[in-house]
Amino acid sequence: MRIVSGIQPTGNLHLGNYLGAIRNWVRMQDAMEEGSQCLFFLADLHAISMPHVPADLNAATLEMAAALVACGIDPERSILFNQAQVPAHSELQWLLNGTARMGWLNRMTQFKDKSGKNREGASAALFTYPVLQAADVLLYQATHVPVGEDQKQHLELARDIAQKFNNDFGGQDGLAGEEIFTLPDPIIPPEAARIMSLRDGTAKMSKSDPSEMSRINLSDDADTIMQKVRKAKTDPEPLPSEPAGLEGRPEAANLVSIYATMAGVSAEDVLRDFGGEGFGKFKPALGNVLVETLGPISSRFTELKADREELDAILARGALEAREIARPTLDAAYKALGLVRGSGM
Ligand code: TYM
């Protein structure tokens, strides 16, 4: 197994990232068997697809690295790095641009969401972003990619690109059917595939939401967490005693699912305890569960992010290892396309 995934170093790491992806990264790392490998990276190259402040990007990348380590990513067991230190990501993206089809990219919902009404003014990088994401995983022959639901479409595109590239350019050395790229499988946690905003149960919790009250950040202190939960949007009904009763109540459903995921129980269990109760009772209990779990992560994060030298060293070491793993696949892709490079590349 080779497990690969990334996160953009823009904004804070929030509860959606944690429950939808990072917690799974840690679980997969901890369950890793001999011969398997985990690569986790900060997608700083992706961050330039939207307006950004260059002077802040490096600090944000280091901070996100600290957040991942605080969540349990162990740089001794997993390879942790940032894309910008592994040029093979950009190189492979260009090679895959010849295979990706405009029609495929036109269907990507994230481009539609992020470009909004300003399609013509969006960067070309925002449009071709999913090809870079395909390069991110294909470069390492990833077998499994732990992500939240919103990345599923990008992973499907990565599979389509890999398949077409293999069909069009594989097997030229007399090895009929030789596969250049492995088709990766997305790993999406069913119980936390999509954590929603605390202000609107129909919108996903996101770094780009202008309201800080919409998300819980891993750097929030206990008071802030309690306040955000207290102010979370709800409806006037008490909680139902079974999950079916959450239908048509997106905010209530979201809070129940956050409680269940954080406490490691099912929604049925939560409603068995809180069915018939109002949010006045449920919200403080939810706040407590969040504070208990996130508190230790948040203190580790505060400690780690102060040590920039150590973070730099972790990322430099990770990049060195990532470059080694990437090399044979990148070489094979150049060769398959008939591109000749001198020795020493
Ligand atoms: P990003 O940085 O937006 O999010 C990082 C991870 O968090 C998950 N996630 C969520 N899960 C559940 N509920 C939510 N509200 C929520 N918000 C975010 C995302 O699904 C993701 O797994 N394009 C990617 C980064 C990337 C990547 C890759 C991922 C670049 N290359 C290659 C996997 C493989 C992104 O912007 O994620």
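**Notebook: cores and ligand**

I began with the nonpolar cores, and the largest has 57 residues. Leu13, Phe282, Leu290 and Leu294 have the most contacts inside this core. I kept in mind that this is a predicted model.

Next I looked up which helix gives the most to this core: helix α3, residues 54–71, with nine residues. I then turned to the domains and found that this core takes at least three residues from domain 1 (2–193 + 307–336) and at least three from domain 2 (212–304).

Setting aside neighbours within four places in sequence, I found Leu294 in contact with Leu15, Tyr18, Ile216, Leu218, Ile225 and Met262.

There is also a second, separate core, and I noted that it has 44 residues. Val86, Ala135, Ala142 and Val145 are among them.

On to the ligand. Which residues come nearest to the ligand? I found 27 residues around the ligand, and Tyr129, Gln133, Asp136, Asp150 and Ile195 come nearest.

Asp136 has a polar side-chain atom 2.6 Å from a nitrogen atom of the ligand. For Asn17, I found a side-chain N or O atom 3.1 Å from an oxygen atom of the ligand. Gly148 uses its backbone instead: an N or O atom there lies 2.8 Å from a ligand oxygen atom.

How much of the ligand does the protein bury? The ligand taken alone exposes 710 Å², and the protein buries 96% of that.

Last, I looked up the elements that give two or more residues to the shell around the ligand, and these are β1 (2–7), α1 (15–30) and α7 (124–138).

Methods: Residues numbered from 1 in each chain as written. Predicted model: local features only at pLDDT ≥ 70, side-chain atom pairs only at ≥ 80, totals over all residues. Heavy atoms only, no water. Core = buried A, V, L, I, M, F, W, Y, C linked by side-chain atoms within 4.5 Å. Buried < 20%, exposed > 50% of the residue type's maximum accessible area, 1.4 Å probe, protein only. Helix = DSSP H or I, 4+ residues; strand = E, 2+ residues; numbered from the N terminus. Domains from an automatic or database assignment. Contact = heavy atoms within 4.5 Å. Near = heavy atom within 4 Å. Polar contact = N/O pair within 3.5 Å; in protein donor to acceptor, adjacent residues only side chain to side chain. Areas by Shrake-Rupley, 256 points an atom, 1.4 Å probe, with all protein chains shown as cover.
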